[in-house]
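Dear colleague,

Please find the structure below, with its sequence.

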Amino acid sequence: MAQNFPPEQLVAFYKEMLFYRRFEERVNIAYTNQKFSGFCHLHIGQEAVCVGVQAALTAEDYVIAGYRSHTLAIAKGIPSREVFAELFGKVTGCSRGKGGSMHMFSKAHRFLGGHGIVGGQAPLAVGSGFAAWYRGEPHVTVCYLGDAAMNQGQVFEAMNMAATWKLPVLFLIENNRYGMGTDIRRTTSIDRLSKRALAFDMAHSEVDGMDVLQVYPHVKGILDKMRKEPAPYLLEVLTYRYKGHSVSDPGTYRTKEEVLTYQQQDPLLQLAAVLKKKKLATEQELEAWDEIVKAQVKEDERFADESPLSDLSEVWQHVWVEE
Amino acid sequence: MALLTFREALGQAMDEEMARDPDIFLMGEEVAQYDGAYKVSKGLLQKYGPRRVIDAPISEGGFAGLGIGAAMVGLKPIIEMMTWNFGIQALDQIINHAAKMHYMSGGQFSVPIVFRGPNGAAHMLGAQHSQSLEAVLTHIPGLKVVSVSTPADGKGLLKAAIRDPNPVIFLESEMMYGMKGEVPESADFLIPLGVGDRKREGTHVTVIAWGRVVHKALAACEQLAAEGIEVDLIDPRTLVPLDEALIFESVRKTHRVVIVEESWPFASVGSQLADRIQSVCFDDLDAPVERVCQEPVPVPYAEHLEERALPSVERILHTVKKVCYRTE
């Protein structure tokens, strides 16, 4: 698999995943140090998903996501320091400090938001796909969903409309196996969530979400076809989150052994092995990159720290669009 | 002016706006091939084709959300709810998404969308098809709410709602679709949101009503006039934003207020109006503000029970006389 990738792409994938890992770790530290409050859902362990998907997207494509979306927002182009500042509720945040951890937005980068109602983003994604169809535009919309969202009624409604009208929407399930603290197998009648597509006669597949070198070509193949022949697709990405549902979750519903099993297939470790084997990086170089990235995310936090709070008049702004 | 039914006036508003702006599309159950469950969209499929007039599956939450997503990326959807009772299925999308998108995104995304359909009771439709839901919808910051009572208001306000850059809830009534009225024919006829209307001029008592009960209030006004009580009948037309200036001006003139609403009394639009009036016009009042509401029960099916549960001309008459201290 790895031999099909240009060396610079392998290096770029690694550095991006490393950045997301260190970014979320820095966020975790800031949260633990009570620099900010509220909910905070980390993407640690799932980095190969957003890196592999983003590499298959263009700037014109839209992305919409659920509440675990710090890294997805950055991947779509939002400067990481604006995501950090949003967490700190600062006016320099990508949603002016009015969204927070779950509600990163960027119109300029076509990131249609992180959303906090499980599955609620699915109909919105179909609306974005509908608009592309309505205007005859070639771009696609990627709708990130968690595994537990697959039991929400409006996700079924959304998939039915997308399939009926052949709208260019990739429903992408990040199956990290747990809806908050509930093992998806305890709440779901089927073993593979991608099978839900059968109900809508929709194309579907699964991919190993711990390996960016599988995620990227798989998603690119789906989207290349979708751009030529608009139709929705349901992709189940098998992944795992190392941290709790949110920072405050100790994760008592799963064993340490289970977490370790996934950490042995860690997306960074896997790609680091490839880089070393292909002599694209030495252990010393990997460590040096790590130091650079750690400095970058510290700088993001410093920007967030030093950014001003918004004026109190902001409370009343943006309720209405002023004509 | 042309004499049009309510459904024709609303259809004309959509037709004129769709002709003006190619980003506008209409989606809902039965809006296309069936010409609309209540024929409001009659002829639009023929004129604008299946790309712009779209029959939706029975998935109110789904197609409401589709409209919101499409609006976020620049289209201007009109989403028809066959009735607002079904619109309850879409409240997650309307409340959690449409109402908050502009705010949560720090002003980046807007949702220029109209959700329209009949609100309130018709005739013997039972509890699940007869609800007046304006209190639920007006409660949510970020939603404009319009409730119309005449074909002309319907046309002028629907056109303004479609042009508004915010999500607008547009409340109609099954019982009024066949009602006729004079409607201005100009395509530029717009009624701005937030401007109320005096449906009848009087000096003795202010009656505030919106939507279908305006007509019950008008009937009561006729009888009251015969007894020497002249009512100042205010129809706010838009509940959010509300034309408070018109209401306060009327109260300062008459010193007595009756609020008539088809919805339930607890935490309603009427209770909000009563609060604002007592707060701003306390010294102007010569009697407590009174309200005529639907009884706090699910709407019953049987005709005589339904009539008793809903606001009636008789109850309006009685309550107006009460605030005038004219009851026997």
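How many residues does the contact take from chain A and from chain B? It takes 33 residues from chain A and 34 residues from chain B, two residues being in contact if their C-beta atoms, placed from the backbone, lie within 7 Å.

Please keep in mind that this is a predicted model, in which local features need pLDDT of at least 70, side-chain atom pairs count only at pLDDT 80 or more, and totals for chains, interfaces and linings use all residues. Residues are numbered from 1 along each chain as its sequence is written, while chains are lettered from A and ligands numbered from 1 in the order in which they are written.

On the side of chain A that touches chain B, β2 (111–114), α5 (121–135) and α6 (153–165) of chain A each supply at least two residues. Helices (H or I, at least four residues) and strands (E, at least two) are DSSP runs, numbered from the N terminus. The largest share of this side, nine residues, comes from α5(A). By class, the side of chain A that touches chain B has 16 nonpolar, 12 polar and five charged residues. Here Ala, Val, Leu, Ile, Met, Phe, Trp, Tyr, Cys and Pro count as nonpolar, Asp, Glu, Lys and Arg as charged, and the others, Gly among them, as polar.

The sheet of chain A

Six strands of chain A form an open sheet with parallel pairing, in the order β2-β1-β3-β4-β8-β7; two strands pair if DSSP finds at least two bridges between them. Because β2 and β7 (203–208) of chain A stand at the edges with a single partner strand each, one side of each is left without a neighbour in the sheet. Within chain A, β3 (residues 141–146) and β4 (residues 169–175) pair in the parallel sense over six bridges. A:L145 stands opposite A:I173 in β4(A).

The largest nonpolar core

A nonpolar core is a set of buried Ala, Val, Leu, Ile, Met, Phe, Trp, Tyr and Cys residues joined through C-beta atoms within 7 Å. A residue is buried if 20 or more other C-beta atoms lie within 10 Å of its own, exposed if 12 or fewer, and partly exposed in between. The largest such core has 196 residues, of which A:C143, A:L170, A:F171 and A:L172 touch the most other members. Helix α1 (residues 7–32) of chain A gives the largest share of this core, 10 residues. Not counting residues up to four places away in sequence, A:F171 touches several residues, among them A:C143, A:L145 and A:M159.

The two domains of chain B

Chain B is assigned domain 1 (2–183) and domain 2 (197–323), with bounds that come from an automatic or database domain assignment. Their centres, taken over C-alpha atoms, are separated by 26 Å. The contact takes 25 residues from domain 1 and 24 residues from domain 2 of chain B. On the side of domain 1 that touches domain 2, β6(B) gives the most, with four residues. From β6(B), B:K144 and B:V146 point one way and B:V145 and B:S147 the other way, and all are buried. Four bridges join β6(B) to β7 (residues 168–172) of chain B, and the two run parallel. The bridge partner of B:V146 in β7(B) is B:F170.

An exposed loop residue

B:E185 is in the loop between β8 (180–183) and β9 (197–200) of chain B. B:E185 counts as exposed because 12 other C-beta atoms lie within 10 Å.

Yours sincerely
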